[in-house]
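Please keep the viewer open as you read.

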Amino acid sequence: MTEKKVGIADTTFARYDMGGAAIDELRKNASLKIERYTVPGMKDLPVASKKLIEDKGCDIVMAFAMPGPEVIDKQCAHEASLGIIAAQLLTSRHIIEVFVHEDEVEHDKELALLADRRAREHAQNVLKLLFKPQELEREAGMGKREGFEDAGPLR
Amino acid sequence: MTEKKVGIADTTFARYDMGGAAIDELRKNASLKIERYTVPGMKDLPVASKKLIEDKGCDIVMAFAMPGPEVIDKQCAHEASLGIIAAQLLTSRHIIEVFVHEDEVEHDKELALLADRRAREHAQNVLKLLFKPQELEREAGMGKREGFEDAGPLR
Amino acid sequence: MTEKKVGIADTTFARYDMGGAAIDELRKNASLKIERYTVPGMKDLPVASKKLIEDKGCDIVMAFAMPGPEVIDKQCAHEASLGIIAAQLLTSRHIIEVFVHEDEVEHDKELALLADRRAREHAQNVLKLLFKPQELEREAGMGKREGFEDAGPLR
Amino acid sequence: MTEKKVGIADTTFARYDMGGAAIDELRKNASLKIERYTVPGMKDLPVASKKLIEDKGCDIVMAFAMPGPEVIDKQCAHEASLGIIAAQLLTSRHIIEVFVHEDEVEHDKELALLADRRAREHAQNVLKLLFKPQELEREAGMGKREGFEDAGPLR
Amino acid sequence: MTEKKVGIADTTFARYDMGGAAIDELRKNASLKIERYTVPGMKDLPVASKKLIEDKGCDIVMAFAMPGPEVIDKQCAHEASLGIIAAQLLTSRHIIEVFVHEDEVEHDKELALLADRRAREHAQNVLKLLFKPQELEREAGMGKREGFEDAGPLR
């Protein structure tokens, strides 16, 4: 079996190096090829992700962004998300969106911790999608959350 | 006639195992092949559904999610829905969206009941689409609801 | 000339049989083949319409739905509409959207009348698109409304 | 050089014959073939425009509509606009959207004047796109407005 | 290596010649071919950008617009943005969106300065994407902003 290749698409706009955190987490846990592609802003992520798949042969991509707190930032995030979904449908490959909104927490320090943790937990999701899909199936409906405590299943 | 194959796409984010409920309902009522694919979140459902159709040969897919109560959750559900519609248009196959919003009812227990019932009633819809389309035609305009009491036709 | 074929895509969610009304109106006024396809909800209409065109050879489709009054219903209608437009662009065929929102009028009886009238007036539009496009051209900019009184041209 | 062909897609819903105004303006200023296609409402414009390009060989299309003042009208206009952009991307041809919202001015008479003027000024834009692109380039960033006074460049 | 070609798509609606500023910045810093295409409004930018890539062979495009302060302007910007993302996915090329909203600052003079600076800083991004991708990678997660002071990384 040839080694799997993971694409990392991230931005210079984000205020935390989530791509770096994910790469660290991936490398610690698996033997993988990694291809990184940094673009200016989140609306550049859909085509960057598609290029990672088409031109660089990535099996799966992680797309990282940190939308600001303003209405216009939310709109940009919405547009980027729709583009990322479209890119997945055009390539039939997963592009795991890892967005951390600046207003999810109050202080910069918490935001950095959240971004780091979400990036790493989604890196774990990527590993499951690639190598252990049956683990995801066992967690179906279990109220998993990335970056925060799990909500857990309804009781 | 070869046996029909139903795809079940669901998430680890949801807090109830709707996919499991639907599989139980399908198996009780028909002889079918079932292929399950669990992904982290609802925005991963469009491409998962497309892969179930293209790679696994599913004739129809059910896509399950449980969006949270926040504005951002509603936006994610909207994006996922648009992606699911696009995936249907690209494959010319039905992907029955089964979303239960956390704020549709007040208590966790009700939410679990709603999720279970909606999953099962949509499983019945899938069986009608596959085997008894004339039953759906007889119910056209009858105010059917999945998970809640039917609204019924206008009088 | 081979007989034209009209597709009727409708839902079990709607509370009035608009598809039936349109079929009655079409049959009264023209010799046509009609193919009906009933699905559970309005988000199933885009692919149902595409299948009526691609698999059943329909020259034009009418897509009927009755969105409820809640915010989530409006969002579903928006998603369905975008899907119906996309289905038209992918097939280069008209899919005439006939949506009646539950909150357009106050009472059930009015709603039934509105639904019936809108379905029939759009059936007339379908006949014009198929057989008398010059009539539509004569009505360009005339403030036509389906289901309600015409607004008429500006004066 | 073969004569250029302009498509005119308009609606019976609009309350002013903007298509007619544009045709008058085009004919006064150039020798062109014109193909007109009138549909019921604005959501029928994307596929009508695509058909004008694909089936009738139009080099460019103008798409006219007059959305009403209600929230639902704004949503329909949004859906139609997205469809018109998609139709352009699928054909690689311009479809110049000429929408006049009923609530842009207060009185019917002003609305008719605005509609007439916007239709004619966009017809001039079409002529520039077809025959004098360098004129548009000279006006880049000049704060041009169609139907109202130009905003002009920032000072 | 053949010389790279940058497309400049801009509008007559904008109130500042951002395309001109970007061209100046590009020429000062690199040897490039430049192709300019001015259209009336921002919703004409997606297909213009696609034509610059497909018909003119541009390797990358910059798309400039200056949306007004009204709700309808925001909606147009949203539609244009979605179209620009779609055009990128269809061509697998970057189209760098450079939008300056009229209400980002208070006075015309500031707006002109912002527009000029954002155009130039995004021209620098284009040069990095074309010639120095490793510089962007070094700036990943560094809180870069175009036109305003950088936010910088979280601490």
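## About the model

This is a predicted model, in which local features need pLDDT of at least 70 and side-chain atom pairs count only at pLDDT 80 or more, while totals for chains, interfaces and linings use all residues. Residues are numbered from 1 along each chain as its sequence is written, and chains are lettered from A and ligands numbered from 1 in the order in which they are written.

## Chain A as a whole

Chain A holds 5 helices and 4 strands, arranged along the sequence as β-α-β-α-β-α-β-α-α. Here helices (H or I, at least four residues) and strands (E, at least two) are DSSP runs, numbered from the N terminus. With a radius of gyration of 15 Å, close to the 15 Å that the globule rule gives for 155 residues, chain A is as compact as a globular protein of that length. That radius is taken over C-alpha atoms, and the rule is 2.2 Å times the number of residues to the power 0.38.

The C-alpha atoms of chain A fill a box of roughly 45 × 40 × 25 Å along the principal axes.

## The sheet of chain E

In chain E you will find an open sheet of 4 strands in the order 2-1-3-4, with parallel pairing; two strands pair if DSSP finds at least two bridges between them. Strand 2 (33–39) and strand 4 (95–99) of chain E stand at the edges with a single partner strand each, so one side of each has no neighbour in the sheet. Strand 1 (residues 5–11) and strand 3 (residues 60–65) of chain E pair in the parallel sense over 4 bridges. E:Val6 has E:Ile60, in strand 3 of chain E, as its bridge partner.

## Where chain E meets chain A

This contact takes 23 residues from chain E and 31 residues from chain A, two residues being in contact if their C-beta atoms, placed from the backbone, lie within 7 Å. On the chain E side, helix 3 of chain E gives the largest share, 6 residues.

## Two copies compared
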